[in-house]
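Please open the model in the viewer and follow the stops below in order.

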Amino acid sequence: MVRLGRFSGVLRSIVAFVAILVLLAIAWEAAKWVAGDPVRQTPWGVVDPPHVPPFTIKQLNDTNLPHVWEVVGAFVQPATRNSPFSLGAVLIDAAVFTGRNALVGFGIGALFGLLLAIIFVHSRLLERALVPYVIASQTVPIIALAPMLVLWVGTGWTSVALVSAYLTFFPVTIAGIRGLTSPDPRALELMSSYAASWSTVLWKVRFPAALPYLFTAAKISATASVVGAIVGEEPTGIRGGLGRAILEFNTQYTTGPQKLWATVIVAAALGILFFAVVRLAEMVVLRDRGAGEL
Amino acid sequence: MPPSHPDPIVNLDNVEKRFSAGGATTAALSGISLNISPGEFVSLIGPSGCGKSTLLRIIGDLIEPTAGRVEVNGKPARNARRDRDYGMVFQAPVLFDWRTIEANVELPLEVMGVSQAQRRSRTEQMLALVELSDFGRHHPWQLSGGMQQRAAIARALAFEPKLLLMDEPFGALDEMTRERMNDELLRI
């Protein structure tokens, strides 16, 4: 473990994650065993006579909480009744589609957020004038804003990316302001004694000092951008992404609940992927700084 | 001690500094007049809070005096700062964690647009002067307080300023290191 250096921490996290997942699956089935619907069929064979749980809790029945093996099995079954494609293949395609929009949204949102932070740090006047509006922008529910965005920009993947960017920029701005103003005032006095311009100070002092804060915000924004991309697919009516898949399988829920669960799992995995990439980038960029873990 | 030079490098004439906070005004400095000749080593001594840091920062054009005239190197303080006539060392080393010691010492030269080759050679000289040549590739947090402060001095001297302003540079160090650093400084 020690030889792996800083990656031993990552390995331990992954092992812990998988362990919790297994425990969760066991708890899931245990709950259904005790208070769910009668069990007739498992992947390991027929249960004869069927197991009838001693209690009944409606939330644990087969429609609300399908069996773990049903959800896992759904990935390899056809996506819809006559589809030649397996659900797994369809969901992966949808994840790539949504992921691309989320990536663009993340990029735009992060850049815009950083720009806003830089402006606010250098102009007290603009900060005081605009920060209330920035905060207000985030309190408006995105469900209400997304259709308006579609009216202005049109349907298509650009509006999806914009919705994603909308949810991304705010943490970056807030963390950016904090980070850009974090250097020791004496460091700024030193730069003043070198007669450095504000742009030199920004590039050589403020921005490097802000990086740890920006990475923290980027982790929040990473998952927010995925949520934005998924949510943005509904008002734009765009097809091919996870948002549409969620909407469709929602209407089919009573006949095939495991498909919606499978979709949710894939959406969560996409968010985790984004987060992991940001974390990896952070480990590389901040490797020389010597402070803290995780 | 050289005889008094006709052109002082620092000339303060009746400098005053008042701070106002919440209606109350504190007179930090009042009626300060001072001449320092080139090559002199001047120490400002006084109890803490008596205005030494303020005076230093006024000389360095980091604070404006409420009244009085400040001339450094024959020019108003602002011009002296713009011309990079002086270097500063603070009580804390104030090095940048994301840069190596070498890169930290190079910083003023980078800002002043010195070529990379010249920066390299100058940095090597300075690190040799403060006896940190083996630690150029390290990062500040890997060094002790005394070594960091030596790096800060190397950085202050990197661009050969005519004037070196130091604000309690050894205040944060322990007694033994402080003794040693005082001797080192006189040597430099």
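Two strands pair if DSSP finds at least two bridges between them. Helices (H or I, at least four residues) and strands (E, at least two residues) are DSSP runs, numbered from the N terminus. The model is predicted, so local features need pLDDT of at least 70 and side-chain atom pairs count only at pLDDT 80 or more, while totals for chains, interfaces and linings use all residues. Residues are numbered from 1 along each chain as its sequence is written, chains are lettered from A and ligands numbered from 1 in the order in which they are written, and side-chain values use heavy atoms, with hydrogens and water left out.

**Stop 1: the sheet of chain B**

Select β3 (residues 67–72) and β4 of chain B, which pair in the antiparallel sense over two bridges. Within this pairing, B:E71 has B:P76 in β4(B) as its bridge partner. The two strands form a hairpin with two residues between them, and B:N73 in the turn has a positive phi of about 60 degrees.

With β2(B) included, the selection shows an open sheet of four strands in the order β2-β1-β3-β4, with antiparallel pairing. Its edge strands are β2 (24–36) and β4 (75–76) of chain B, each of which pairs on one side only. Strands of a sheet pair through backbone hydrogen bonds, either parallel or antiparallel.

**Stop 2: the helix across the sheet**

Select helix α1 (residues 52–59) of chain B. This helix lies across β1 (10–21), β2 and β3 of chain B, and runs at about 120 degrees to β1(B). For such angles, axes are lines fitted to C-alpha atoms, for helices over the stretch in contact, and the angles run from 0 to 180 degrees between N-to-C directions.

**Stop 3: a hairpin in chain A**

Move to strands β1 (residues 39–42) and β2 (residues 45–51) of chain A, which run antiparallel and are joined by three bridges. A:V39 stands opposite A:H51 in β2(A). Two residues lie between the strands of this hairpin.

**Stop 4: where the chains meet**

Select the residues in contact (heavy atoms within 4.5 Å): 19 residues from chain A and 23 residues from chain B. The two chains bury about 1,900 Å² between them, 66% of it on carbon and sulfur atoms; buried area is the accessible area (1.4 Å probe) that two parts lose on being put together, summed over both. In chain A, A:R186, A:Y194 and A:K204 lose the most area to chain B, together 32% of what that side buries.

Finally, select A:E189 and B:R57, which form a salt bridge with the closest N and O atoms 2.6 Å apart. A salt bridge is a side-chain nitrogen of Lys or Arg within 4 Å of a carboxyl oxygen of Asp or Glu. Across this interface the rule finds two salt bridges.
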